[in-house]
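Subject: Handover of a structure, with notes

Dear colleague,

I am passing on the structure below, together with notes on what was found in it. Please read the notes with the structure open beside you.

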Amino acid sequence: QSQLSQALNGLSDRAKEAKEFLVQLRNMVQQIQENSVEFEACLVAQCDALIDALNRRKAQLLSRVNKEHEHKLKVVRDQISHCTVKLRQTTGLMEYCLEVIKENDPSGFLQISDALIRRVHLTEDQWGKGTLTPRMTTDFDLNLDNAPLLQSIHQLDFVQMKVSSPVPAPPILQLEECCTRNNSATLSWKQPPLSTVQVEGYILELDDGNGGQFREVYVGKETMCTVDGLHFNSTYSARVKAFNKTGVSPYSKTLVLQTSEEMGQPGSSPALWRPGPLPKPEDTQSEEQTLPFPVPLERSQLRRMSPFSSTLNLQPSFPGRSYFELRSSAHQLSLHSSLQSLNSAGCNFETQGTPYSQLGKFDIKKMVAVAWFSFDPASAHADIIFSNDNLTVTCNSYDDRVVLGKTGFSKGLHYWELSIDRYDNHPDPAFGVARIDVLKDAMLGKDDKAWAITEGGITKGATVGVLLDLTRRTLTFSINEDQQGPVAFENLEGLFFPAVSLNRNVQV
């Protein structure tokens, strides 16, 4: 029994090692998939950069050809004009001489013959001084030597990266400097004290606050980052990894953080970043008191806006953290800012079933924090043109093309506005919400994956408001603060993205 027990212990150790090895292999599968996507994106970006450089060079060379073309035409046209004048003068002199030869009075002929003879010889000499030789050739002395470039393109291949140094060690999160306040979170990290491996940067990742997939919120050399615009009363997980030319380090330990239940309340205690499961409510207060807050200003310069925000910012210079108030309106919510939003996780007021038209009449005692999103180039049709930090869009096609916002909504109350900068009245743009897989090459609402408004007073300079209430599962529209009828769509359920369809006659 003792021998069998010892043998089983050894076998158990091997089984444990095998399980850990399988976990490592499964992690490698996920890492390979992530690295493949990242590498493909990098490859596409590099090739697109080469194509852009070639297009720019092509434009420069075509400009030189056009200049040579214009120069040749000018020289030839000037010579044509000069030769035409000389020919007209010569023809006139010939006709005059022929008339003089017909003169029957010898004495009259002798008076002018010597002068005419000299003039004829002078004119003939002028024609003989290269006047009848073209000043410009028709050939273009421009030969494009593209052989070296073609050879380089054919030789374009992957170069196996030579490992000159190991990958960095996992960063260490500094708990004493990690904290949250209201709906912002500050995360700080460092390299292990004995690590001598060179680090080129760090990648900070957060989940969506609902236990979903991690997403990058910061990539850079700094070791501290503040993320704004998180949802209130939500639980987020955070992790960080380092990278250099050799590769990417394993992740640090995962920290779990809890944003505040209320927002903008003076004296509210910050929540604590901590590893492992969330503490019990009775444990939170005592540990929060030991955490210094706020972080010193000189350590909190770097800010990256949260990808989980739920409103559209149409002002590129809008501050990183701001507030607005609700005010009364006969038709809908009117917001004391050009950037307008309602986030149900952060409003903290009760409507008691009151219609939207009366929401502004309530005495709202709490301030509402502003979050934002922008248009998403990754999911948009290729004909969409982005500018103004992806806050302004138009199109280079006469056909309707669709662009979505970066943030999807699955719950809560959300309101945003879009302004019509340019509109030539045909065809109508469309505004609303859509699924992520909506048709991108047709007007919004042509399939069963979009809900939109396409008419009703939309003109240049108009402001279109979209009110998405996923608590009541309704969608309502307004134009210039006038609500367009009652509820436009009902029974909405799932994940929705702000959406616009437009063509080259429209800019939003």
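**Nonpolar cores**

The largest nonpolar core has 31 residues, and those with the most contacts inside it are F431, L468 and V508; a nonpolar core here is a set of buried Ala, Val, Leu, Ile, Met, Phe, Trp, Tyr and Cys residues joined through side-chain atoms within 4.5 Å, where buried means under 20% relative accessible area, exposed over 50%, and partly exposed in between, with a 1.4 Å probe and protein chains only. The elements that give two or more residues to this core are β17 (392-395), β19 (413-419), β21, β22, β23 (463-469), β24 (474-479) and β26 (497-502); helices (H or I, at least four residues) and strands (E, at least two) are DSSP runs, numbered from the N terminus. Another core, of 19 residues, lies apart from it and has L187, W189, L206 and Y218 among its members.

Please keep in mind that this is a predicted model, in which local features need pLDDT of at least 70 and side-chain atom pairs count only at pLDDT 80 or more, while totals for chains, interfaces and linings use all residues. Residues are numbered from 1 along each chain as its sequence is written, and side-chain values use heavy atoms, with hydrogens and water left out.

Not counting residues up to four places away in sequence, V508 touches F375, L391, T392, V393, L418, S419, I420, D421, F431, V500 and L502, contact being taken as heavy atoms within 4.5 Å. One of these partners, F431, stands opposite I453 in β22.

**Strand pairing**

An open sheet of 4 strands has the order β18-β26-β21-β22, with antiparallel pairing; two strands are said to pair if DSSP finds at least two bridges between them. The edges are taken by β18 and β22, each of which has a single partner strand, so one side of each is left without a neighbour in the sheet. Neighbouring strands of this sheet are turned by 30° against each other on average, direction ignored; the axes are lines fitted to C-alpha atoms, for helices over the stretch in contact, and angles run from 0 to 180 degrees between N-to-C directions. Within the sheet, β21 and β22 run antiparallel and are joined by 4 bridges.

Elsewhere, β4 and β7 pair in the antiparallel sense over 6 bridges, with F243 in β7 as the bridge partner of G201. Strand β7 also pairs with strand β8 (residues 255-258), again in the antiparallel sense and over 4 bridges, and here A238 stands opposite L255 in β8. Of the 9 residues of β7, 7 are buried, so that the strand is mostly covered.

**Salt bridges**

A salt bridge is counted where a side-chain nitrogen of Lys or Arg lies within 4 Å of a carboxyl oxygen of Asp or Glu, and by this rule the count comes to 11 salt bridges. E205 counts as buried at 6% relative accessibility, and R239 counts as buried at 16%.

D383 forms a salt bridge with R401, the closest N and O atoms being 2.8 Å apart. D383 lies in the loop between β15 (368-369) and β16 (384-387) and R401 in strand β18 (residues 401-404), 18 residues apart; D383 is buried at 18% relative accessibility, as is R401 at 11%.

K449 and D437 form a further salt bridge, with closest N and O atoms 2.9 Å apart, and both lie in the loop between β21 (430-434) and β22 (450-453), 12 residues apart. K449 is partly exposed, with a relative accessible area of 28%, and D437 counts as partly exposed at 45%. Salt bridges that share partners also join E205, R239 and K241 into one network.

**Cysteines**

How many disulfides does the structure hold? The number is 0, a disulfide being a pair of cysteine sulfur atoms within 2.5 Å. The sulfur of C178 is 7.5 Å from the closest cysteine sulfur, in C179, which is too far for a bond, and C178 counts as buried at 0% relative accessibility. C395 is buried as well, with a relative accessible area of 4%.

With best regards
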